[in-house]
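Open your viewer and get ready to select residues by number. This short tour tells you what to pick next.

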Amino acid sequence: MKLVSYKAIHSNSALLQLLYGAALLFGIAFSSTAYANETCKTLLATGNPEYPPYLWRDPEDENRLIGANAEWIQLLSKEIGIPIDIKYVGPWGRVQEEAKLGRVDLLAGAFFTQPRLEYMDYFYPAFRETRTVIWTRSNFNLPYKKWSDLTGKQGVTVINNSFGEEFDRYAKESLKISMVPSLEQALKMLSLSRADYLIYEEDPGLAYVAKLNISGLKTVTPPITNENLYLTLSHKSACNTPEMRGRIAKAVYKLDKQNVMSKLITANIQLWRKQQSK
């Protein structure tokens, strides 16, 4: 009879435990991937609904968002092979809360800020650069050349808007800016002299001024910031897996190389104007 040493038994037992642990981890990883593939049959995207020509509510179906960003999202959908619904879920502040909670998967356009990294992943490169400007009344004297020129004046912008981390920090420390739920409300406050200036992106601002038929407003230079728009994915999205992030990142890179956004913006400026003239 051959005797087996305690050391050998212990060694074999440790090896078996190691193999069992590896198999268990593999099983968990496999089941997680299978679960993600099972649950991620479609993605839900949303964004700022007051953002023409990038995004706005479809007049024929107000639960749906249309615009250049919406069309870009559909091109992305074809690239990754998964349907993406792009819907209205509320104003911009609500949109960001929905992303935090994982009730939406993708944001079709967000500026980069460090706090947003706590609940979203960003995809690079940015798909568009936007210009944020100061809006004021044509008859109001606002000698603006640098941020400090806004000190002592009453500003307004939309809740949860970011204009780049550096300006956001400066504004919080040095400027007096009211936050309102919508761009429409902000523009009306400015035109009624309830604010001295409005901070907002140039293209959407011009689009809403035309829609509301507001006269007597102007933009002043230089711009506050030139910021990039990114596609983001909620950390709590069931579709947020390494495999899915890789597919989306690859698609974003390909679409950037094709330079599709310029054509989409031109077409959607025309669509917005056509809709407002009806």
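Which helix lies across β3 and β4? Select residues 261-276: this is helix α8, and it runs at about 40° to β3. The angle is between N-to-C directions of lines fitted to C-alpha atoms, for helices over the stretch in contact, on a scale from 0 to 180 degrees. Helices (H or I, at least four residues) and strands (E, at least two) are DSSP runs, numbered from the N terminus.

The model is predicted: local features need pLDDT of at least 70, side-chain atom pairs count only at pLDDT 80 or more, and totals for chains, interfaces and linings use all residues. Residues are numbered from 1 along each chain as its sequence is written, and side-chain values use heavy atoms, without hydrogens and water.

Now show the sheet. Its 3 strands form an open, antiparallel sheet in the order β2-β3-β4. Strands pair if DSSP finds at least two bridges between them. The edges are β2 (50-51) and β4 (61-66). Pick Glu-50: its bridge partner in β3 is Trp-56.

Next, select Trp-72, Leu-76, Leu-198, Leu-231 and Ile-248. These have the most contacts inside the largest nonpolar core, which has 55 residues. Such a core is a set of buried (under 20% relative accessible area, 1.4 Å probe, protein chains only) Ala, Val, Leu, Ile, Met, Phe, Trp, Tyr and Cys residues joined through side-chain atoms within 4.5 Å. Helix α2 (residues 68-80) gives the largest share, 6 residues.

Last stop: Asp-196, in the loop between α5 (183-191) and β10 (197-201). Asp-196 is buried yet has no salt bridge (a side-chain nitrogen of Lys or Arg within 4 Å of a carboxyl oxygen of Asp or Glu). Arg-137, the nearest side chain of opposite charge, is 4.2 Å away.

Definitions and conventions: Contact means heavy atoms within 4.5 Å. Buried means under 20% relative accessible area, exposed over 50%, partly exposed in between (1.4 Å probe, protein chains only). Lys and Arg count as positive and Asp and Glu as negative; His and the chain ends are not counted.
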